[in-house]
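Here is a short tour of a protein model for anyone who likes to think about side chains and their partners. Have the sequence and the 3D view open as you read.

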Amino acid sequence: MIYLDNSATTKPCSEAVEAVTAAMTSSWANPSALYGFGLDAAKQLRTARSKVAAAMGAEPDRVFFTSCGTEADNWAVSGAIRRMGKRGKHIITTAIEHHAILRPMEELESRGFEVTYLLPDASGAVSPEALASALREDTIFVSIMMVNNETGAVMPIEQMAKLTHRRCPDAIFHTDAVQGFLKVPFRAKALGADLISVSSHKIHGPKGCGALYIHPRLKSFPPLLLGGGQENGLRSGTEATPAIWGFAAACDAVSATFRKDILREKELLEDCAARLSAIPGVLVNGSHQAPHILSVSIPGVPSQNSINILQDAGICVSAGSACAKGHRSHVLSAMGLPPQVIDGSFRISLCRDTGKEEIDALVEAVRSGIVARFLK
Ligand code: PLP
């Protein structure tokens, strides 16, 4: 199998598998228990938090584990609104966010909040100028993703966070960094965002774990889950130690080589983009700035046909985002691409394990399996 759907999920690395196994076979105590076995688990939890924090460039006590990136995103939105909702009613986000942000935004609109959805340019990215013209005195919350999961467009988050805080000093700035974490270098402490969401299974960790970074300036951030007071009272629920140990191990393993890995991935991706767009009838959507995501389109050939043909050649790719099955991509629509282009689009996403021969096989399958058969 040639797996080119790494933005949907990644193969767990051996370090993560070992850590999950250890958490389920030897260190499975409840970290809140007060005997030695539990205290050991609590110590391992502290170590895991430090590893994730180191990979994010964050203070360990500001990293809070969640069950996934979606939960981190939902918590960021609901917490920010509960903290700021009495000060104003205006929120800014983008039209290209993941549904983990867009759905909570729709819910806020139904409760009387006004949401401005910034549009991307032809590259697929939302510009700081678009944000600048949308900020208002009553803006209380801004949520802008770091890397778009369908096109690989990268948003200048540091600049956007700074701009938001200069113009609206009390507003909370969140970034969904699920596709940016360990792909686009950043340090949480220096980024300027108040809230940062990440997810384990996108970086070779297990599913069932994510984290929300909460900047020290947000001391009393409202919790999403209430209960036993875990995660310093901010996220109750017995800690998912297997997933957390695995996430931490993946952070350690991936961050050790990621700067070298992303250069190699970027080279492969550029080569892939150049070779595919040289095939008559194949288009590249947007400018794929991130090292691992490429959106391509073969207008006239429905996405599902391309996916099926590639699957017959042993190659896994996806139609836009895995989470928006069967719907026309809201991201490509927001970029203003024509319906024929959108309906013929699919996403190729790489990881540190992707090899050149896999890209060669993809290019050949597109050329001989799709284009030669459907576009004569
Ligand atoms: N945000 C972005 C940009 C994503 O790509 C995804 C998943 O694809 C999520 C959030 C949700 O993450 P999770 O699958 O961990 O809930």
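Asp170 has a relative accessibility of 47%, so it counts as partly exposed. Its partner is Arg87: the two side chains form a salt bridge, with N and O 3.0 Å apart. Asp170 sits in the loop between helix 6 (157-167) and strand 6 (172-176), while Arg87 sits in the loop between helix 3 and strand 3 (90-94), so the bridge ties together parts that are 83 residues apart in sequence. Arg87 is exposed, because its relative accessible area is 54% and exposed means over 50%. Please keep in mind that this is a predicted model.

How many salt bridges does a search of the whole structure find? The count is 17. As a general point, side chains of opposite charge can pair when their charged atoms come close.

Three of these pairs are set side by side here.

| Salt bridge | N to O distance |
|---|---|
| Asp252 and Lys51 | 3.6 Å |
| Asp170 and Arg87 | 3.0 Å |
| Arg275 and Asp360 | 2.9 Å |

Let us take the pair of Asp252 and Lys51, a salt bridge with its closest N and O atoms 3.6 Å apart.

Next comes the salt bridge between the side chains of Arg275 and Asp360, with 2.9 Å from N to O. This pair also links distant parts of the chain, with Arg275 in helix 8 and Asp360 in helix 12 (residues 356-374), 85 residues apart. Arg275 is partly exposed, with a relative accessible area of 26%, and Asp360 is partly exposed at 27% relative accessibility. Which residues do salt bridges with shared partners join into one network? They are Asp271, Arg275, Lys356 and Asp360.

**Around the ligand**

Now for the ligand. There are 14 residues around the ligand, and those that come nearest are Gly69, Thr70, Asp176, Ser199 and Lys202. By type, the shell divides into four nonpolar, seven polar and three charged residues. Helix 3 (residues 69-84) gives the largest share of this shell, with three residues.

A polar side-chain atom of Lys202 is 2.6 Å from a ligand oxygen. For Gly69, a backbone N or O atom lies 2.8 Å from an oxygen atom of the ligand. The side chain of His201 has an N or O atom 2.9 Å from a ligand oxygen. On its own the ligand would expose 390 Å², and the protein buries 92% of that area.

**Elsewhere on the chain**

Where is there a nonpolar patch? Trp28, Tyr35 and Phe37 form one on the surface, and together these residues have about 360 Å² of accessible area. Of these, Tyr35 lies in the loop between helix 1 (14-25) and helix 2.

Finally, look at Pro185, in the loop between strand 6 and helix 7 (188-191). Pro185 is partly exposed, with a relative accessible area of 41%. Between Pro185 and Gly57 there are 9.6 Å in space, C-alpha to C-alpha, although the two are 128 residues apart in sequence.

How values were computed:
Residues numbered from 1 in each chain as written. Predicted model: local features only at pLDDT ≥ 70, side-chain atom pairs only at ≥ 80, totals over all residues. Heavy atoms only, no water. Near = heavy atom within 4 Å. Polar contact = N/O pair within 3.5 Å; in protein donor to acceptor, adjacent residues only side chain to side chain. Areas by Shrake-Rupley, 256 points an atom, 1.4 Å probe, with all protein chains shown as cover. Helix = DSSP H or I, 4+ residues; strand = E, 2+ residues; numbered from the N terminus. Nonpolar A, V, L, I, M, F, W, Y, C, P; charged D, E, K, R; others polar. Salt bridge = Lys/Arg side-chain N within 4 Å of Asp/Glu carboxyl O. Buried < 20%, exposed > 50% of the residue type's maximum accessible area, 1.4 Å probe, protein only. Patch = residues over 30% accessible without salt bridge, like charges linked within 9 Å, V, L, I, M, F, W, Y side chains within 5 Å.
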